[in-house]
Amino acid sequence: MNLQGMKDLELYQQILGLVEPWRVESVTLKPQEREIEVRVGFADTLWGCPQCQQRMQIHDYEERRWRHLDSCQFKTIIVSRVPNVRCPEHGSQTVAVPWAEKYTRFSRLFERLAIDVMLECSITGACSILGMSWDEADGIKQRAVKRGLARKVPAVMARLCVDEKGMGRGQDYLTIVAQVTEQQTTVEYVGGERNQASLDAFWEALTAEQLAGVEAVAMDMWEPYVRSTLAHLPGAASKIVHDPFHLVKYMNEAVNEVRKSEHRRLQAQGDDTLKSTRQLWLYGMENVPAQHAQRFDEVKELNLQTSRAWAIKEVFRSFWLCPGAKPAERYFGKWYAWAIRSRLAPIKKVARMCKAHLSNILTFFVHRLTNGPIEGLNNKIQGLIKKAFGYRNKERFKSDIFFHLGGLDLYPAQ
Ligand SMILES: [Zn+2]
């Protein structure tokens, strides 16, 4: 069915925002395919070479199709014979069309919509909402990330955090560097492994001005990252902060170790006291949910190794509340003496590790890099992994991190 009425042509002319020499020539409704085909032609004119803008005659045509935003749930396709020009300097080239970027089968507005949908749901969900294939959706996403990264301008990043991240399958890791500002946390860099070289590449790409502008870097007590930072960042010794997020994680793991071995020992004697208590010991004193409070109080009061480990962990948490580095150092000294006498091997191990890194733990009291942004970023990445059911492919994991957490300008230019 051909809609030749002037109104329909004008309507699509307006919708597509076409200006001379481009114009809508016909609009065809294909009810069987639930499709609307909008044919776009052009007036006779000279065309610019897409590289040098020099004006020249058409050399050839190429018929191309682009998916546009649906019209009333009808898939809407733009069809046009696009002029080819032959530039003496740049060779044979297809001229730029106003409704789409180069090398894509989607209009700018459709890509924009697809990006919005993919930011909100999984790629599979986006495919079913938009009626497109996984490869098509992925193509739009990859182009969006590439575009966003290309638009990034080097800027000073005062506060950074470095972390490793597993992909949810096997033992593959990435190194992630994020910038923390008051407004947001954005991933600035993703490296291929979690070794020193994967972080070196980040530092080496920074300008001297950017390096000078880094005030604090939060990270785990992971030697390759520490070494890389010391080697590249001027004044790193006073800028590296082993943040509470990572340290508390070690303490929680130590408490869990103690619980596991004690539980095994008790169970061997037919004692089930510690059964299903793993989660309880991970709560902070103030966060135990009401429905578990009574049970937790009972278990905690028993003379268990696990309750001792838990108490040591809780006291360690208050370390971060010290008013400054000096009092914190004294607090740590007392806590350390207690932890080391605990006769709990996993706790002693963490205590020794903290002592070895104490100078870069105390830097917290200078820089005050709080937990929220680092934990938030961690949870968001965890969410991506869950939504993707784990990543098999590092490059895809990397581009998803940039797509969702890179703070990039992803949209096609208008
Ligand atoms: Zn040219």
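In this predicted model, the zinc ion takes its protein donors from Cys49 (SG), Cys52 (SG), Cys87 (SG) and His90 (ND1), which lie 2.2 to 2.3 Å from the ion. Along the chain these donors follow the spacing C-x2-C-x34-C-x2-H. Around the zinc ion the four donor atoms subtend angles of 103 to 116 degrees, and the arrangement is therefore tetrahedral, since four donors count as such if all angles lie between 85 and 135 degrees.

Turning to the aromatic residues, a search of the whole structure finds 23 aromatic pairs. One of them joins Phe332 and Trp335, whose rings lie 5.6 Å apart from centre to centre with 45 degrees between their planes, so that the pair is tilted. Phe332 and Trp335 both belong to helix H11 (residues 325–340), and because they are three residues apart there, about one helical turn separates them. Phe332 is buried, with a relative accessible area of 3%, and Trp335 is buried as well, with a value of 2%. Both residues are also members of one aromatic cluster, which is formed by Phe316, Phe319, Trp320, Tyr331, Phe332, Trp335, Tyr336, Phe364 and Phe365.

Methods:
Residues numbered from 1 in each chain as written. Predicted model: local features only at pLDDT ≥ 70, side-chain atom pairs only at ≥ 80, totals over all residues. Heavy atoms only, no water. Donors = N, O, S within 2.8 Å, 3.2 Å for Na, K, Ca; no water. Tetrahedral: all angles 85-135°; square planar, octahedral: opposite > 155°, others 65-115°. Phe/Tyr/Trp six-rings, centres within 6.5 Å; stacked < 30°, edge-to-face > 60°. Helix = DSSP H or I, 4+ residues; strand = E, 2+ residues; numbered from the N terminus. Buried < 20%, exposed > 50% of the residue type's maximum accessible area, 1.4 Å probe, protein only.
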